[in-house]
Amino acid sequence: MQIPIGSYVPGDSAVHRADPRAKLLVTFFLVAALFTLKSWYLIVALCTVMMLVCVIARINVRTFLRMLKPVLWIGAFTLIVNSFSFVGGFHFILPGFMRGMFFVVRLFVVMGSTALITLTTSPVALTDGIAIMMRPLARLRVPVEDVAMMISIGIRFIPTIAEEIDRIILAQTARGATFNEGSLLKRARAWIPVLIPLFVGLFRRADALARSMDARCYTGIGRTHLRELKLKLSDVALMVVSGLLFVLIVGGVIR
Amino acid sequence: MHCHAHAIEVDHLNYRYQDGTLALYGVSFLISHGMRVALLGPNGAGKSTLIEHLNGIILPQEGRILIEDVVVGPNTLATVRERVGIVFQDPDNMLFMTSIAQDVAFGPLNMGLDGAEVEKRTNYALDAVSLSEKRDKPGMHLSFGQKKRAALATVLSMQPRVLVLDEPTSNLDPRAKRNMSELLEHLDITLLIATHDMELAWNMCDTAIVLDEGRIVCMGDAHGIMRNEKLMLEHGLEVPPSARCQQ
């Protein structure tokens, strides 16, 4: 089972070196601005910026496109639904197609820009960044460090869980279970003997994991960090410029 | 080096599971600094439950445990866990960060040490288990033998005074087993090893504790106990091959 999450590509480009907080904030501004955009010029401009970042980060085109695969079907569906009309007989409508394309490109830019973060930022740096950005919430008694740790462990265990599912499927298949025969209901039922041992195993593992974390002094409080993140001038400049552009776009100054 | 007489003092420890089963009953023993103790017993004897008491993962229901001069209790957990390091049987449950180095740094970071000190300890621990080259790899990409060594490094980096190991050689092939026992041999630290690997216990330990059905059957000279075939068989154990060779 292949899952395209946690697909960090190590590197030493300017994009890799940028502070994770700056990357997260810039992406947030970009995605938020995208939803207020109405002109093609700006969409094309943002696409160009995204491609440029890809080139600077030396991300393989194929790797990047693979990250867009999950939204391929949604994109195709959006385009088809917008392009054809049943009113007065089934026919193609160009303005609908153009509107559909606008949505699709927007969707791909959102997916692409968030994919760029996971491709160029290690999960540890990313969770450190999220934890620091969430720090003000600690005043409201939100367990910020715990949340960051949960995200980090969650990312780490995705491949392990996928392996576990494969193993259980194999064990059930060896005992005569079939997963792709019969009606939809029958197929859905066939997954019950996979899901039950999976969840039992996951709860047992979570318990063992908690004990091993306890044994190594984990309390979620007073934990230090290996490398404290420090914002560089370039990171600050990046955040300010993207923030300004965001205000100008949302304010309608740039159309 | 240590001014405290005993590294571990367990005094009349009782523990009952929620379903009422008695897991430990009247367990008492003393372990001095520098001792290497084998904890022997059949499956279900209470070895893992006893181990989990030693750094407060399970708190004593009755009786008490002292780690040096500190009584294990809800208010002393941080101190106790810094002094007693536990290496669990399944290394997959100890390697949960995105790289081995992060896993090894996990304990020292929880202890509130600064970045430079954590880096130093991480390097030392990875070096001790010969895994420096794999430091940036995630735990799941290692062989089982390497995972076991990495799990040991995650505790060594905390520089505990007592190292407790639960089945350090289980599921290892003969070479990995040899590597692990050589590694443990060179550690200058108080050891308590719960194991079914009688050969490891024979070669490594000077003292043995036999635990069965939650009670201590005997404690004393490791070789003397392990040579006693009747005692070994009675408690689901066996005389190690090396002991037979000497007889």
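Modeller: Axes here are lines fitted to C-alpha atoms, for helices over the stretch in contact, and the angles between N-to-C directions run from 0 to 180 degrees. The structure is a predicted model, in which local features need pLDDT of at least 70 and side-chain atom pairs count only at pLDDT 80 or more, while totals for chains, interfaces and linings use all residues. Residues are numbered from 1 along each chain as its sequence is written, chains are lettered from A and ligands numbered from 1 in the order in which they are written, and side-chain values use heavy atoms, with hydrogens and water left out.

Biologist: How are α3(B) and α4(B) oriented to each other?

Modeller: Helix α3 of chain B covers residues 100–110 and helix α4 of chain B covers residues 115–128, where helices (H or I, at least four residues) and strands (E, at least two) are DSSP runs numbered from the N terminus. Angles under 35 degrees count as roughly parallel, over 145 as roughly antiparallel, 65 to 115 as roughly perpendicular and the rest as oblique. The relation between α3(B) and α4(B) is therefore oblique.

Biologist: How are α7(A) and α8(A) arranged, roughly parallel or roughly antiparallel?

Modeller: Helix α7 of chain A, residues 123–134, packs against α8(A) at an angle of about 160°, and their axes lie 9 Å apart. Because of that angle, the arrangement of α7(A) and α8(A) is roughly antiparallel.

Biologist: What is the hand of the crossing in which α3(A) passes α6(A)?

Modeller: The axes of α3(A) and α6(A) are 10 Å apart and meet at an angle of about 30°, so these two helices are roughly parallel to each other. The crossing of α3(A) past α6(A) is left-handed.

Biologist: Which helices of chain A each supply at least two residues of the nonpolar patch?

Modeller: The patch on the surface is formed by A:Trp40, A:Val44, A:Ile80, A:Phe84, A:Phe86, A:Phe90, A:Phe92, A:Leu94 and A:Met98, which together have about 950 Å² of accessible area, computed by the Shrake-Rupley method with a 1.4 Å probe and, for residues, only the protein chains shown as cover. Patch residues have over 30% relative accessible area and no salt bridge, like charges being joined within 9 Å and nonpolar side chains (Val, Leu, Ile, Met, Phe, Trp, Tyr) within 5 Å. The helices that each supply at least two residues are α3 (40–56) and α6 (94–120).

Biologist: How does A:Trp40 count in terms of relative accessibility?

Modeller: A:Trp40 has its place in helix α3 of chain A. Buried means under 20% relative accessible area and exposed over 50%, with partly exposed in between (1.4 Å probe, protein chains only). At 32%, A:Trp40 therefore counts as partly exposed.

Biologist: How far apart in space are A:Ala162 and A:Val81?

Modeller: A:Ala162 sits in helix α8 (residues 144–174) of chain A, and is buried because its relative accessible area is 5%. A:Ala162 and A:Val81 are 81 residues apart in sequence, and the C-alpha to C-alpha distance between them is 34 Å.

Biologist: Which residue forms a salt bridge with B:Glu68?

Modeller: A salt bridge is a side-chain nitrogen of Lys or Arg within 4 Å of a carboxyl oxygen of Asp or Glu, and a search of the whole structure finds 17 of them over all chains. For B:Glu68 the closest N and O atoms are 3.1 Å apart, and the partner is B:Arg83. This pair links distant parts of the chain, 15 residues apart, with B:Glu68 in the loop between β4 (62–67) and β5 (70–71) and its partner in helix α2 (residues 77–83) of chain B. Both are buried, B:Glu68 as well as B:Arg83.

Biologist: What is the distance between the closest N and O atoms of B:Asp92 and B:Lys147?

Modeller: B:Lys147 is buried, because its relative accessible area is 12%. In its salt bridge with B:Asp92, the closest N and O atoms are separated by 3.0 Å.

Biologist: Where is B:Glu213 found?

Modeller: B:Glu213 has a positive phi of about 50° although it is not a glycine. With a relative accessible area of 64%, B:Glu213 is therefore exposed. Its place in chain B is the loop between β9 (207–212) and β10 (215–221).

Terms used. Left-handed = near helix turned anticlockwise from the far one by under 90°.
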